[in-house]
Amino acid sequence: MASLRTAKKELRRHITHTLSRVSEQSIQSQSHAAKDTLFSLPEYQSAKRISVYLSMPQGELSTRSIVTEALRNGKEVYVPYIRNIAQPNKESPASAMDMVALHSQEDFEGLQSDPWGIPTPDEHSISHRKCCLGQQRPEQKGADRSEEKSETLEIVVMPGMAFDQKLDRLGHGKGYYDRFLAQYQRSLENNPRQGNQMPFLVGLALEEQILPEGQGVPTNASDWRLDALIAGHQPVRRR
């Protein structure tokens, strides 16, 4: 386990250095091309409910135009929200990620940036948003959990630090997406009426984040493999 953590840390350090040399012009050009490729996917075109990560201000493929056009096209768009866990134990982290719905373009444009410059919903708005995992809000403690409603997704658009040719993904190190997907899978198993179809997982990347043939992302059983990978101007990769 320690060697796996070390390998991931070293790869993140290498990719961070590589991304520091990518120009803003290149990021904008690759972001535009990746958006067009995403919108050409039949899975995207048929989807009614999608989740999209909200990008950092630099060093990452931008998703702003993806969110804007998806809302304009009438899709329900969900974005990440990190919530604190009131009483974490030694086996679980102190925070977890859910996906919460945007109400409109105006709502999206009104999101405030977190310490990393990523737009994020205000915690006071969460009780008024649809969410994927149906988590109770603090003011709902003691409420009848049978009344909770979770929302299913058809596509999850994911960020990452590095990706390989097998569509394995290296995240930023917090494990938010892997834990979210595992919990999402459990929620489907516990609620048969929602069906058992996991969302189509799409990674978005700059071309500089793709590892060369023969080099793989270090992974273990808890890491989720993508269904498709879109990198800048390159053709979509599928498994």
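# Close-up views of a predicted model

**View 1. Strands S6 and S9 lie side by side in the sheet.** Met158 has Gly203 of S9 as its bridge partner. The model shown here, as in every view below, is predicted. Strand S6 covers residues 155-158 and strand S9 covers residues 200-205. The two strands run parallel and are joined by four bridges. Strands of a sheet pair through backbone hydrogen bonds, and this pairing can be parallel or antiparallel.

**View 2. The sheet has seven strands and is open.** Read across the sheet, the order is S3-S2-S1-S6-S9-S10-S11, with mixed pairing. At the edges stand strand S3 (95-101) and strand S11 (237-238), each of which pairs on one side only. Helix H6 (residues 176-190) packs on this sheet and touches strand S2 (76-84), S3, S6 and S9. The direction of H6 makes about 70 degrees with that of S3.

View 3. S3 pairs with S2 over seven bridges in the antiparallel sense. Within this pair, Arg83 stands opposite Ala96 of S3.

**View 4. Helix H6 is seen with its buried residues.** These residues are Tyr176, Tyr177, Asp178, Phe180, Leu181, Tyr184, Ser187 and Leu188. They pack against S2, S3, S6, strand S8 (169-170) and S9. H6 has 15 residues, which at 1.5 Å a residue should span 21 Å. The C-alpha atoms at its ends are 21 Å apart, in agreement with that value.

**View 5. Helix H2 spans residues 24-40.** From its first C-alpha to its last, this helix of 17 residues reaches 25 Å, close to the 24 Å expected at 1.5 Å a residue. Buried residues of H2 include Ile27, Gln30, Ser31, Ala33 and Ala34. Further along H2, Lys35, Thr37, Leu38 and Phe39 are buried too. The buried residues of H2 pack against helix H3 (42-46), helix H4 (64-72), S6, S9 and S10.

**View 6. Gln209 sits in a loop.** The loop in question lies between S9 and strand S10 (228-231). Gln209 counts as buried because its relative accessibility is 3%. A polar atom of its side chain lies 2.8 Å from the backbone oxygen of Gly160. The side chain of Gln209 also reaches the backbone oxygen of Met161, at 3.2 Å. Not counting residues up to four places away in sequence, Gln209 touches Ile15, Leu19, Gly160, Met161, Ala162 and Phe163.

**View 7. Glu109 belongs to helix H5 (residues 105-109).** Glu109 counts as exposed because its relative accessibility is 54%. In sequence, Glu109 and Arg64 are 45 residues apart. In space, their C-alpha atoms are 9.6 Å apart.

**View 8. The whole chain is given for reference.** Its secondary structure comes to six helices and 11 strands. Of the 239 residues in the chain, 47% are buried. The chain exposes about 13100 Å², and carbon and sulfur atoms supply 47% of that area. Among contacts with a separation of 6 or more, 70% are between residues 24 or more positions apart.

Conventions:
Residues numbered from 1 in each chain as written. Predicted model: local features only at pLDDT ≥ 70, side-chain atom pairs only at ≥ 80, totals over all residues. Heavy atoms only, no water. Pairing = 2+ DSSP bridges. Contact = heavy atoms within 4.5 Å. Axes fitted to C-alpha atoms, helices over the stretch in contact; angles between N-to-C directions. Buried < 20%, exposed > 50% of the residue type's maximum accessible area, 1.4 Å probe, protein only. Polar contact = N/O pair within 3.5 Å; in protein donor to acceptor, adjacent residues only side chain to side chain. Areas by Shrake-Rupley, 256 points an atom, 1.4 Å probe, with all protein chains shown as cover. Expected span 1.5 Å × (residues − 1).
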